[in-house]
Amino acid sequence: MRKLKLYFRLAFTNIKANYRLYVPYLLASTGMIAMFYIILMLAMDGSIGKTYLGAVLGSGSYVVYLFSIAFILYINSFLMRRRTREFGIYNILGMDKPQIACVVFAENLLSYVVSGVGGILLGTLFSKLIQLLLLRLIQYGGNIQMRLNPEAALMTLSGFAVIYVITYIDDLRRIWKTKPIDMLESANSGEKEPKAKWAMSIMGVITLGAGYFLSQFVQDPSSAFAFFFIAVALVMIGTYLLFTTGSIAILKILKKNRKYYYQKNHFINVSGMMYRMKQNAKGLAQICILSCMVLVTVSMTVSLYVGVDSMVESQYARDIVIESYVTSQSQLDEIRSHITETADNDLENEVYYSEANVYISGRDGTYVTGDRAATDATDYSELYVLNVSDFNRITGKNIRLQDGEVGISTSDQNISGTLAINDTVSSVKKIKDEIPSIITSNDSKMMTDNNNVGTVYLLCNDPFAFMKSLGSEDDTVTLTYQEAFDSSLSKAKQEDLCSSLNSEYFKNSQDFDGHANSQAAIKQDYYEMYGGFLFVGIFLGGIFLMATVLIIYYKQVSEGYEDRRRYRILEQVGLSRKEVHRSINAQVLTVFFLPLAVAMLHIFFAFHMIYELMLAFGLNDVGLFFKCMLITAGIFAVIYTLVYWITSQVYSHIVDQQTIN
C-alpha cells in the first residue's frame with residue numbers, strides 16, 4: 001500500500017513537473033472524449049437513432065474513435081520519448097523496470113481518470129447546445145428530447161479505457177526495450193547527418209505525380225469514387241517520402257551552395273534542420289496530411305449543405321412531383337383525373353407525360369434489346385419512348401407521325417430512312433427540336449440538349465403498342481407516368497396533399513404503384529442528410545484541426561528543448577540575442593509554413609476529383625464549391641498562422657530560459 005501511494009505521488013509530481021507536455025495532452029484527450037460522447041449520445045437517441053441521420057452519426061462516431069486511437073498513441077509516444085532520460089535517472093536511483101512501469105501505469109490511470117471524467121462532464125454540459133446546432137443544421141421543426149444516456153457514457157469510458165490500455169502496453173514495450181544507459185544518454189545523443197536518399201526522393205516524386213495524374217484523369221463521379229482512395233494513398237506516400245528524403249536532398253543542395261550556406265543565419269538554420277530533419281519530417285508530413293483532411297472534409301460538407309436549395313430546385317422545379325407506373329391508356333386517364341380532383345384543380349405550371357425506356361445495343365439504325373443488348377457494352381444506348389402528343393403539348397410544336405413512323409433525335413447521325421429494333425422496323429422522321437429528357441422524379445424540367453451521346457429519343461403515336469412490339473406477345477408494357485405542378489397551398493398543406501395521394505390512392509390501390517412528393521419534403525430530406533454530413537464534418541474537421549495544432553505544438557516544444565543548449569553555445573561564441581531570435585524565427589517560419597504550402601498544392605490538384613465526387617451527391621455548382629473551398633482554406637490559413645505565433649512564443653521562451661541561465 002505504501003508503494004502504491006509512492007507510485008501515484010511520483011506520477012502526480014511528474015505530470016506537474018512536465019505540465020507543458022501534459023496539459024495540452026489532457027485537454028485534447030478530454031475534448032476527444034467529450035466529442036465522441038456527444039456524437040454517440042445523439043446517434044443512440046431514440047428519436048433519431050433509427051433514421052438516416054442516426055446512421056450518419058453512428059458512422060461518424062466510428063471515425064472519431066479510430067482517429068482517437070491513432071492520435072492518443074502518437075502523443076503518448078512523444079511524451080515517452082521526451083521522458084526517457086527521466087526514467088534513466090529513476091533506474092540509477094534504484095528503481096527497476098517493473099517499478100518504473102508501475103509509475104507509468106499510475107500516470108496513465110491519472111490521465112484516463114482526468115480525461116474521462118472531464119470529457120463526460122464537458123460533453124454533458126455542451127450536449128444540449130450541440131443538439132440545438134444539429135437541429136438547426138437539419139432544419140428540423142420539431143423537438144428531439146435528448147436525455148442523458150448512461151449507456152453512451154459507459155460505452156465512451158469503456159472504449160477510451162481500451163485506448164489507454166493499448167498506450168500502456170506500448171509504454172511497457174518501450175521501457176523493456178531501452179537500456180538504462182540509453183535512457184540517460186538519449187537527451188544528448190545527436191543524430192548522424194542524414195544521407196540524401198535519391199532513390200526514395202525520386203520514388204516520392206513519382207508517387208506524388210501519379211496521385212496528381214489520377215486526380216486529373218477521372219472524368220465522371222463513378223471513376224472518381226473508384227480512384228479516390230488510390231490517389232489519396234499515392235499522395236500520402238509521396239508526401240511522406242518527399243518530406244523525409246526530398247527535404248534532406250534539398251538541404252544537401254543548399255549546403256553545397258557556398259554563397260548561400262556560408263551566411264550566419266543560413267548556416268545555423270540549414271545545419272540545425274539537417275541534423276533533425278529525419279525526425280521533424282515525419283511530423284511535417286503528418287501536419288500536411290491532417291491539413292488536407294481538414295480542408296477536404298469541411299469544404300465538401302459545407303458545399304453540400306449550402307447547395308441544398310439549388311440542388312433541390314434544379315432537380316425538382318415544381319412544388320409537387322408525382323410518379324406512377326401504368327399498363328394501359330385507361331389507367332393514364334384515371335390517375336390524371338384523380339390527381340386533378342385531389343388537388344382541387346389547384347395546379348399551376350402543370351406538366352404531365354408518360355414514357356418508357358429500355359437499353360439497346362447497336363448503331364447505324366439497327367439495335368437489339370434485352371439479353372442481346374448486354375453482350376456488347378461498348379455501343380450501349382438508352383432508348384426513351386415518348387408519346388408525340390405529350391411532346392407537342394410540352395413544346396408547343398405540331399409534329400404529325402404516320403402509322404409505322406417514329407420521330408428520332410439522337411447523336412447517331414448514321415440513322416437514315418429506317419430504324420430497326422429487334423424485329424420492329426419503322427420509318428424515321430428526324431426531329432431537330434429539343435426532346436424531353438429522362439422522365440423521372442429527379443427531372444421535372446424535362447428539357448435537355450439533344451446531343452447526349454448514347455441516348456436515343458423516340459416519339460411515337462402509341463408508346464404501349466410500340467414497346468409491346470419489341471417484346472413477346474405476353475409481355476405487359478409498363479410506362480412511367482410523371483406529373484409535376486406548382487400549388488398555391490402552404491408547404492404544410494402541400495405535404496398533406498402528397499400524404500393523401502400516397503396513403504389513400506397509391507398505397508391502397510391494387511392497380512397503381514406510385515409515389516407523390518413535395519419539394520418542401522424533399523428539401524427537408526436533403527437538409528437532414530447533408531446537415532448530418534456537415535455536423536459530422538465539423539466534428540471531424542475539429543478533431544483533425546486539434547490534432548494538427550497539438551502536433552505542431554509538441555514539435556515546437558521538442559525543438560525548443562533540443563535547441564536551447566545549442567543557442568546558448570552560439571551566444572557564448574558571440575551571437576547576439578537579437579541574432580539568436582532572428583535565427584529562431586527564420587527556422588520556425590520556414591519549417592512551419594512548408595506543410596501548409598504543400599497542403600494547398602495537394603488541394604489544387606485534387607480539386608477536379610473532389611468536384612466529381614460532389615457531382616455524385618447532386619452538387620453541380622462548381623462556383624459554389626470553389627468559393628467554399630477558398631473560404632475554408634482562408635480560415636484555416638488564419639488559424640494556422642495564429643498557431644504559428646503562439647507556438648513560436650513557446651519555442652522562444654524555452655530557448656530563452658536556457659540562454660539566460
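Two residues are in contact, in the sense used on this tour, when they have heavy atoms within 4.5 Å of each other. Keep in mind throughout that the model is predicted.

Begin by selecting S115, which you will find in helix 5. Once its neighbours within four places in sequence are set aside, S115 is in contact with L26, S29, T30, I33 and Y164. If you then show the side chains of S115 and Y164, you can trace a polar contact of 3.5 Å between them. Is S115 buried or exposed? Its relative accessibility is 0%, and because buried means under 20%, S115 counts as buried.

Stay on helix 5, which covers residues 97-137, and move to N108. Here the relative accessibility is 8%, so N108 also falls under the 20% limit and counts as buried. Its side chain makes a polar contact of 3.1 Å with the side chain of D171. Leaving out the neighbours within four places in sequence, the residues in contact with N108 are N76, Y164, T167, Y168 and D171.

Next, turn to the second largest pocket, which holds about 1,100 Å³ of space. To find its centre, select F228, F229, V296, T297 and M300, which are the closest to that centre among the 36 residues of the lining. Several helices each supply at least two residues of this lining, including helix 3 (52-82), helix 9 (221-256) and helix 11 (264-306). Which classes of residue would you see if you coloured the lining of this pocket by class? There are 28 nonpolar and eight polar residues, and no charged residues.

Note on methods: Residues are numbered from 1 along each chain as its sequence is written. This is a predicted model: local features need pLDDT of at least 70, side-chain atom pairs count only at pLDDT 80 or more; totals for chains, interfaces and linings use all residues. Side-chain values use heavy atoms; hydrogens and water are left out. On a 1 Å grid over the protein atoms alone, a cavity is a set of points where a 1.4 Å probe fits but cannot get out, and a pocket is an open set with protein on both sides within 12 Å along at least five of seven lines; lining residues have an atom within 4 Å of a point. Grid points are joined across faces, edges and corners, and a volume is the space filled by probe spheres set on the points. Helices (H or I, at least four residues) and strands (E, at least two) are DSSP runs, numbered from the N terminus. Ala, Val, Leu, Ile, Met, Phe, Trp, Tyr, Cys and Pro count as nonpolar, Asp, Glu, Lys and Arg as charged, and the others, Gly among them, as polar. Buried means under 20% relative accessible area, exposed over 50%, partly exposed in between (1.4 Å probe, protein chains only). A polar contact is a pair of N or O atoms within 3.5 Å; within protein, one must be able to donate a hydrogen and the other to accept it, and residues adjacent in sequence count only if both atoms are side-chain atoms.
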